[in-house]
Amino acid sequence: MTESQQTDHAHHDQQGTRHTVVVPGSIDMVRLLGPGDDHLALIERSFDLRLHVRGNRITLEGEQGEVALAERLLDELVTLIRSGQGITTETVERVLAMLRAETTERPADVLSLNILSNRGRSIRPKTLNQKRYVDSIDKHTITFGIGPAGTGKTYLAMAKAVQSLQAKQVNRIILTRPAVEAGERLGFLPGTLSEKIDPYLRPLYDALHDMVDPDSIPKLLAAGTIEVAPLAFMRGRSLNDSFIILDEAQNTSPEQMKMFLTRLGFGSKMVVTGDVTQVDLPGGVKSGLRVVEGILNEVDDVSFQRLTAHDVVRHKLVGAIVAAYDEFDARQPRVTLHDSSSRASSVRAPGSAGEDAR
């Protein structure tokens with residue numbers, strides 16, 4: 001330290017707290033502090049305190065609350081490294097956000113929950129709300145995951161479906177979404193049936209390829225172990241021993257939502273995902289996802305989980321865009337029920353209609 005820094009240090013020491021964290025010798029300090037001390041620099045920017053590193057000793061100086069929080073951050077990062085996880089600046093930011101939110105769950109427990117591993121990569125929740133969403137899927141027969149594009153709604157639900165299939169908790173996976181752009185009148189589209197429905201179901205296939213050996217997918221589809229179909233194909237069926245996912249549920253009518261939910265059979269689990277800010281239904285048609293919570297919120301074994309711009313796990317800018325659109329929508333004058341559907345179609349939050357949230 002320079003002489004002026006030493007003076008500041010002594011003055012601050014009289015009014016604040018000084019604490020030294022001794023990192024266990026088994027922990028690689030480069031992994032903890034980051035290449036080129038990137039993680040250390042991020043911590044210094046995020047706290048109103050001074051840090052000094054010598055060997056495996058990190059000295060924290062500053063206001064007591066900030067020192068205590070920084071110490072907890074280091075503890076969580078050490079725990080994650082011990083669990084075998086790589087630490088990135090994004091990891092540090094996510095741990096810090098959870099600590100500042102003062103939640104009861106430990107960030108290391110959230111970020112180390114392994115849902116599924118395939119071809120050397122693991123699928124895990126990356127935010128507290130994602131962890132609560134995954135836990136809800138475990139605990140409830142029907143879970144609604146509601147939130148903007150990029151929050152992992154569909155991706156995590158599919159990972160849980162594949163996990164359940166591998167554990168033999170279900171016999172098949174059924175993935176469905178409404179072909180709303182064609183009003184589900186697929187006969188008006190050119191081509192074979194598979195060519196007609198492929199644009200609506202492609203995002204589900206893409207996510208599936210991340211989780212299952214691609215060579216095995218045609219066999220699983222042919223055997224009916226995995227079924228990917230438009231919502232219209234669910235009518236009149238009773239789905240037993242299945243993990244059923246309805247994606248893009250904001251584009252169902254209330255009647256379609258009721259039809260889907262009443263397909264639930266014995267030994268099955270359902271996850272319904274959607275974003276109520278991205279309704280593509282024609283004017284005058286209510287969204288089944290918008291009204292269903294008011295109908296089922298008192299029903300046991302049905303859970304509604306909400307994700308926000310803070311849970312976006314795509315590029316950082318996506319989260320900022322979603323938040324900006326949310327603020328813009330909040331500033332708009334309220335509309336009547338008569339014109340709310342048309343307003344929802346004209347002012348839309350970012351994200352593609354075929355959202356495959358990562």
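View 1. R94 and E90 sit 4 residues apart in helix α5, so about one helical turn separates them. Their side chains form a salt bridge with an N to O distance of 3.2 Å; the term requires a side-chain nitrogen of Lys or Arg within 4 Å of a carboxyl oxygen of Asp or Glu. R94 is buried at 14% relative accessibility, whereas E90 is partly exposed at 30%. Buried means under 20% relative accessible area, exposed over 50%, and partly exposed in between (1.4 Å probe, protein chains only). Helices (H or I, at least four residues) and strands (E, at least two) are DSSP runs numbered from the N terminus. This is a predicted model, in which local features need pLDDT of at least 70 and side-chain atom pairs count only at pLDDT 80 or more, while totals for chains, interfaces and linings use all residues. Residues are numbered from 1 along each chain as its sequence is written, and side-chain values use heavy atoms, with hydrogens and water left out.

View 2. The side chains of E66 and R100 meet at 3.6 Å, N to O. E66 belongs to helix α4 and R100 to helix α5, so this pair ties together parts 34 residues apart in sequence. E66 counts as buried, at 15% relative accessibility, and R100 is partly exposed, at 39%.

View 3. E105 and R132 are joined through their side chains at 3.2 Å, N to O. The loop between α5 and α6 holds E105, and helix α7 (residues 128–139) holds R132, so the bridge ties together parts 27 residues apart in sequence. E105 has a relative accessible area of 25% and R132 one of 34%; E105 is partly exposed, as is R132.

**View 4. A salt-bridge network.** D75, E76 and R106 are linked in a network of salt bridges. The count of salt bridges comes to 11.

**View 5. Surroundings of I58.** Beyond neighbours within four places in sequence, I58 is in contact (heavy atoms within 4.5 Å) with residues including H19, V23, M29, L51 and L74.
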